[in-house]
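Me: Can you take me through the ligand site and the aromatic contacts in this one?
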Amino acid sequence: MSILIAPSILNSDFADLRGELAKIAGADYAHVDVMDNHFVPNLTLGLPVVESILRTSPVPVDAHLMIEDPDRWAPAYAEAGCASVTFHAEAAVAPVRLARELRNQGARAGLALRPATPVEPYLDLLPELDMLLVMTVEPGFGGQPFLDAMLPKITRARRAISAAGLDVWVQVDGGVSRATIERAADAGANVFVAGSAVYKADDAAAEVDALRELAAQAHRH
Ligand code: DX5
Ligand code: ZN
């Protein structure tokens, strides 16, 4: 199972996105958090800024849409060129139709679950998905502590994916750092979003490498 590191630019300097993106050229994805101030109590950026990010990012863009009505708004992010587009299960009206639309636009389709949302109702949808995002904080802000209570959900998701013989990635987002990434990897995650851990480090590129190494070690064991 490949290990992928996707730094979140949420806590980077939005006035210098080009410079901030250049720091993570050694990562696998740039994780971009779109928040609409309705689905979550925070407002970040939308499609016009994502289009600029797509033009300047050295790595593919992984869009995490924390927005209401993703059925209406998500396809444009795929059309714009995001490699992966993740919408929330709690907000989508027709997740299968939406996932198919995203895939038709050439993007990977991701489904995100807030901490209180169980994975079980969505297990039958796995064949329609490329990634399942298990939130390990309440979405909305960077810098929150990793919720260990989500580890069993990660494990149940990974078991169901393996049992079905599927190749669906399991992403964790929130509080991922050197202190927590091994637990997430042990539980079965293979895509790791890290915001403050990377952007508060003195050397963001070295932090990406360190996180990758820790996750790889956990998978080898
Ligand atoms: C939170 C966002 C995360 C956030 C993670 O709602 O989805 O991507 O940037 O930040 P850290 O890694 O600081 O928890
Ligand atoms: Zn995110």
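Predicted model: local features only at pLDDT ≥ 70, side-chain atom pairs only at ≥ 80, totals over all residues.

Me: How many residues surround ligand 1?
Reply: 20 do, counting those with a heavy atom within 4 Å. The closest are Ser-8, Gly-140, Asp-173, Gly-195 and Ser-196.

Me: And what lies 2.7 Å from an oxygen atom of ligand 1 at Gly-140?
Reply: A backbone N or O atom of Gly-140. For Gly-143 the distance from a backbone N or O atom to a ligand 1 oxygen is 2.8 Å. Polar contacts here are N or O pairs within 3.5 Å.

Me: How much of ligand 1 does the protein bury?
Reply: 99% of the 380 Å² that ligand 1 exposes when taken alone (Shrake-Rupley, 1.4 Å probe).

Me: Which element gives the most to the shell?
Reply: S2, with three residues. Strands are DSSP E runs of at least two residues, and helices are H or I runs of at least four.

Me: Switching topic: how many aromatic pairs?
Reply: One, with ring centres required to lie within 6.5 Å.

Me: Why is the pair of Tyr-29 and Trp-169 edge-to-face?
Reply: Because the planes of Tyr-29 and Trp-169 stand at 65°, with the centres 6.2 Å apart. Under 30 degrees counts as stacked, over 60 as edge-to-face, and the rest as tilted.

Me: Where do they sit?
Reply: Tyr-29 is in the loop between helix H1 (17-22) and S2, and Trp-169 is in strand S7 (residues 169-173), 140 residues apart.

Notes:
Residues numbered from 1 in each chain as written. Chains lettered and ligands numbered in written order. Heavy atoms only, no water. Polar contact = N/O pair within 3.5 Å; in protein donor to acceptor, adjacent residues only side chain to side chain. Phe/Tyr/Trp six-rings, centres within 6.5 Å; stacked < 30°, edge-to-face > 60°.
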